[in-house]
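Here is a short tour for a first look. Take a moment with the sequence and the model before reading on.

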Amino acid sequence: MEDRLKKEIDGIIEKHEGNHGALLGMLEDIQKNNPHNYLPEESLLYLAEKTKTPPSRIYGIITFYSFFSLVPEGRHCISICRGTACHTKGSKKLLDYIRENYRFENDTGGDAKLFITTEDRNLTLKTVACFGQCAMAPVIEVDGKIYGGVNINMLKDILKQIEGKQK
Ligand code: FES
């Protein structure tokens with residue numbers, strides 16, 4: 001593991017040590033600092049060693065919270081809500097549109113807990129159970145920004161912007 005990465009994690013540990021929910025904060029920062037927004041195994045093992053925490057406890061936290069990821073994301077990420085309110089307002093159509101227009105690796109066809117990335121690694125597509133913004137259904141999140149009342153035309157514009165950023 002690179003010294004630079006070790007130093008970065010040391011800094012994160014120092015920042016959170018002694019705080020309530022320290023481990024959760026440390027994991028959030030490690031993921032946020034990763035350019036592919038995930039938690040690499042080597043970082044987790046280093047964190048476990050430095051904080052004297054059993055790796056099983058760390059993995060327990062990661063698997064409990066859906067915003068943690070153990071696999072790298074593409075350069076852009078779209079999460080589509082598949083909760084009841086969003087489903088009723090057409091979120092499935094949004095999901096299908098993206099799936100039909102991009103080539104994804106490992107797409108086995110299901111919708112629940114979807115996490116797929118395009119072959120060019122530009123776009124990750126995820127599904128979530130509910131953003132807690134049901135009044136704005138259908139809701140999607142694009143690179144951390146929430147959009148409500150999304151229709152196909154809005155989605156096309158968002159995808160165009162993402163493709164523009166790739167170049
Ligand atoms: S069901 Fe989509 S935000 Fe709640």
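What covers the buried residues of helix 3? The cover includes helix 1 (3-16), helix 2 (22-33) and helix 4 (55-64). Helix 3 itself spans residues 41-51. Its buried residues are S43, L44, Y46, L47 and A48. An α-helix has 3.6 residues a turn, so residues three or four places apart point the same way. Just after helix 3 comes K52, with a positive phi of about 50°.

Now the overall layout. The model is predicted. Its chain is divided into domain 1 (3-64) and domain 2 (76-166). The centres of domain 1 and domain 2, taken over C-alpha atoms, lie 28 Å apart.

Confidence comes next. The average pLDDT of the chain is 93. A score of at least 70 is reached by 98% of the residues.

| Element | Residues | Mean pLDDT |
|---|---|---|
| helix 7 (lowest) | residues 152-166 | 88 (pLDDT) |
| helix 5 (highest) | residues 84-88 | 98 (pLDDT) |

T118 sits in the loop between strand 2 (115-117) and strand 3 (123-128). Is T118 buried or exposed? T118 has a relative accessible area of 4%, so it is buried. The side chain of T118 also makes a polar contact with the side chain of D120, at 2.6 Å. Leaving aside neighbours within four places in sequence, T118 is in contact with Y102, R103, F104, E105 and L123.

Note on methods: Residues numbered from 1 in each chain as written. Predicted model: local features only at pLDDT ≥ 70, side-chain atom pairs only at ≥ 80, totals over all residues. Heavy atoms only, no water. Helix = DSSP H or I, 4+ residues; strand = E, 2+ residues; numbered from the N terminus. Buried < 20%, exposed > 50% of the residue type's maximum accessible area, 1.4 Å probe, protein only. Polar contact = N/O pair within 3.5 Å; in protein donor to acceptor, adjacent residues only side chain to side chain. Contact = heavy atoms within 4.5 Å. pLDDT = per-residue confidence, 0-100. Domains from an automatic or database assignment.
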